[in-house]
Amino acid sequence: MKTIQLTLILILAGSMGIQYSLGAQTAPQPVSQHFTFSPLPYAYDALEPYIDAQTMEIHHSRHHQAYYNNFVKAVEGTEMATMSMENILTNISRYPAAVRNNGGGYYNHTFFWENMAPADKQAGHRAPSGKLAEAIDKTFGSLAGMKTAFATAGASRFGSGWAWLSLDAGGNLFISSTPNQDNPLMDVAEKQGIPLLGVDVWEHAYYLKYQNKRADYLAAFWNVINWKEVEKRYEKALKGIK
Ligand code: MN3
């Protein structure tokens, strides 16, 4: 009944040339509510001794927060303000560098925090299992083979960037690295795919504890992998490409 009344009012208003607004119901959602900045899923010191608390705090509360703030500023008032992050990233070549750099930084760090977990919470789950374990063995010969290829991608990235394990459109796993805040979702990536596991190899991610020894940081990283999360991403990615 109410719907009919409202429809009649709108028709009447329309016929009288009145622009009708439904007010708050149609007001656009603020960008900072569409894209949100979350706390870490664990305490700053939860990844000790592999990644130190001070690095985690600065990395999350300053670096990540700055990427988020600048991303929100860059998309406010544009078509991107209501798009999904995945949609923006896969079409990144259409958008300004500020969106590529800050949107990438915002997305990549959230992704990174979630693919890590405290080492003491990994009991019984220190390696991938199920379908992901099978795919890793098939593609890289063994988990050790995958780790070597992944660490090599991270160590050989010149300057700042990321190393990734991803799924390509053909359903195959691959390892790559990207410069700056790029990632494999982006249409500018050398090889595109759906990321499953990522590691930040910017100096700010490891310098306080490891200084110039990026390889030591990459070796320590395996102690804090949230394999359950990586497996979840793999299952979802497989469904997505079918
Ligand atoms: Mn970083």
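Before you start: residues count from 1 along each chain as its sequence is written, and side-chain values use heavy atoms, leaving out hydrogens and water. As this is a predicted model, local features need pLDDT of at least 70 and side-chain atom pairs count only at pLDDT 80 or more, while totals for chains, interfaces and linings use all residues.

**Exercise 1. Get your bearings in the chain.**

Work out how many helices and strands the protein chain has, and in what order they run.

- Step 1: Count the elements, and you get 10 helices and 3 strands. Helices (H or I, at least four residues) and strands (E, at least two) are DSSP runs, numbered from the N terminus.
- Step 2: Read them off from the N terminus, which gives α-α-α-α-α-α-α-β-β-β-α-α-α.
- Step 3: Check burial: 43% of the 242 residues are buried. Buried means under 20% relative accessible area, exposed over 50%, partly exposed in between (1.4 Å probe, protein chains only).

**Exercise 2. Pick apart the metal site.**

Find which residues coordinate the manganese ion, and where they sit.

- Step 1: List the donors: His 59 (NE2), His 109 (NE2), Asp 200 (OD) and His 204 (NE2), at 2.0 to 2.1 Å. Donors here are N, O and S atoms within 2.8 Å of the metal (3.2 Å for Na, K and Ca); water is not among the atoms, so sites may look incomplete.
- Step 2: Write down their spacing along the chain, H-x49-H-x90-D-x3-H.
- Step 3: Look up accessibility. His 59 is buried at 1%, His 204 is buried at 19%, and Asp 200, which is found in strand β3, is buried at 0%.
- Step 4: Trace the side-chain polar contacts of His 204: one of 3.4 Å to His 63 and one of 3.4 Å to Asp 200. A polar contact is a pair of N or O atoms within 3.5 Å; within protein, one must be able to donate a hydrogen and the other to accept it, and residues adjacent in sequence count only if both atoms are side-chain atoms.

**Exercise 3. Describe a helix pair.**

Work out how α6 and α7 cross, and which residues make the contact.

- Step 1: Two packed helices are described by the angle between their axes and the distance between the axes.
- Step 2: The axes of α6 (residues 130-140) and α7 (residues 143-156) come within 8 Å and cross at roughly 70 degrees. Axes are lines fitted to C-alpha atoms, for helices over the stretch in contact, and angles run from 0 to 180 degrees between N-to-C directions.
- Step 3: The two helices are therefore roughly perpendicular (under 35 degrees counts as roughly parallel, over 145 as roughly antiparallel, 65 to 115 as roughly perpendicular and the rest as oblique).
- Step 4: Name the partners: Ile 136, Asp 137 and Phe 140 of α6 meet Leu 143, Gly 145 and Met 146 of α7. Contact means heavy atoms within 4.5 Å.
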